[in-house]
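Good morning, and thank you for the time on today's agenda. Please turn to the sequence and the structure, which are displayed together.

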Amino acid sequence: RFESRVLGWAGSERRGRMRIRASVPRGGGLSMSVRSAAVAEQLSDQAWRSVRGSKFALLPKDRVLQYRATFSSDNGDRYPVLDRVEIRFDD
């Protein structure tokens, strides 16, 4: 697993979009999840939510976010390589 640093923003947002660039070999897997809160100190109390497709929901009070990448392999030598994660907010 990899957990990102805490990302923050100033305005109220309702939805986010995640774009990733990764190489996932046959037999490997990569799943992405997010958690968000009003302040960074509250993040550890929040549950991780799976990102389905590329979209995720936010609460109007949320101002910080973390993402987590979970890597898997069917035999221990076919893990994905995650090159880039981009987070954008939808209007």
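Predicted model: local features only at pLDDT ≥ 70, side-chain atom pairs only at ≥ 80, totals over all residues.

Residues are numbered from 1 along each chain as its sequence is written, and side-chain values use heavy atoms, with hydrogens and water left out.

Let us start with the overall fold. The protein chain has zero helices and eight strands. Here, helices (H or I, at least four residues) and strands (E, at least two) are DSSP runs, numbered from the N terminus. In sequence order, the pattern reads β-β-β-β-β-β-β-β. The C-alpha trace spans about 40 × 25 × 20 Å along its principal axes.

How much of the chain is buried? Of the 91 residues, 29% are buried. The word buried means under 20% relative accessible area, exposed means over 50%, and partly exposed lies in between, with a 1.4 Å probe and protein chains only. The chain exposes about 6,000 Å², and carbon and sulfur atoms supply 45% of that area. These areas come from the Shrake-Rupley method with a 1.4 Å probe, and for residues only the protein chains shown count as cover.

A contact means heavy atoms within 4.5 Å. Among contacts between residues at least 6 apart in sequence, 74% join residues at least 24 apart.

I turn now to the aromatic rings. A pair of aromatic rings is described by the distance of the centres and the angle of the planes. Rings of Phe, Tyr and Trp (its six-membered ring) pair if their centres lie within 6.5 Å; planes under 30 degrees apart count as stacked, over 60 as edge-to-face and the rest as tilted. The structure holds two such pairs. Phe2 and Tyr67 form a tilted pair, with 6.3 Å from centre to centre and 50 degrees between the planes. Because Phe2 lies in strand E1 (residues 2–3) and Tyr67 in strand E7 (residues 64–73), this pair ties together parts that are 65 residues apart in sequence. Phe2 counts as partly exposed at 41% relative accessibility, whereas Tyr67 is buried at 13%.

Trp9 and Phe89 also form a tilted pair, since their ring centres are 4.6 Å apart and their planes stand at 50 degrees. Trp9 lies in the loop between E2 and E3 and Phe89 in strand E8 (residues 81–90), so the pair joins parts that are 80 residues apart in sequence. Trp9 is buried, with a relative accessible area of 14%, and Phe89 is partly exposed at 29%.

Next come the charges. Lys and Arg count as positive and Asp and Glu as negative, while His and the chain ends are not counted. On that basis the chain has 18 positive and 11 negative side chains, and the centres of the two sets lie 4 Å apart. The place of a charge is taken as NZ of Lys, CZ of Arg, CG of Asp or CD of Glu.

Side chains of opposite charge can pair when their charged atoms come close. A salt bridge is a side-chain nitrogen of Lys or Arg within 4 Å of a carboxyl oxygen of Asp or Glu. How many salt bridges does the structure hold? There are seven salt bridges. In one of them, Asp90 meets Arg17 at 3.5 Å, N to O. That pair links distant parts of the chain, with Asp90 in strand E8 and Arg17 in strand E3, 73 residues apart. Asp90 is buried at 18%, and Arg17 is partly exposed at 33%.

Arg78 and Asp77 meet in a salt bridge at 3.7 Å, N to O. Asp77 is exposed at 59%. Asp74, Asp77 and Arg78 are linked in a network of salt bridges.

Finally, two loop residues. Glu13 lies in the loop between strand E2 (7–8) and strand E3 (15–23). Glu13 is buried yet has no salt bridge, and the nearest side chain of opposite charge, Arg63, is 8.1 Å away. Beyond its neighbours within four places in sequence, Glu13 is in contact with Leu58, Leu59, Pro60, Phe89 and Asp90.

Ala47 lies in the loop between strand E4 (28–37) and strand E5 (49–50). Ala47 counts as exposed, at 56% relative accessibility. Not counting residues up to four places away in sequence, Ala47 touches Val34 and Arg35.
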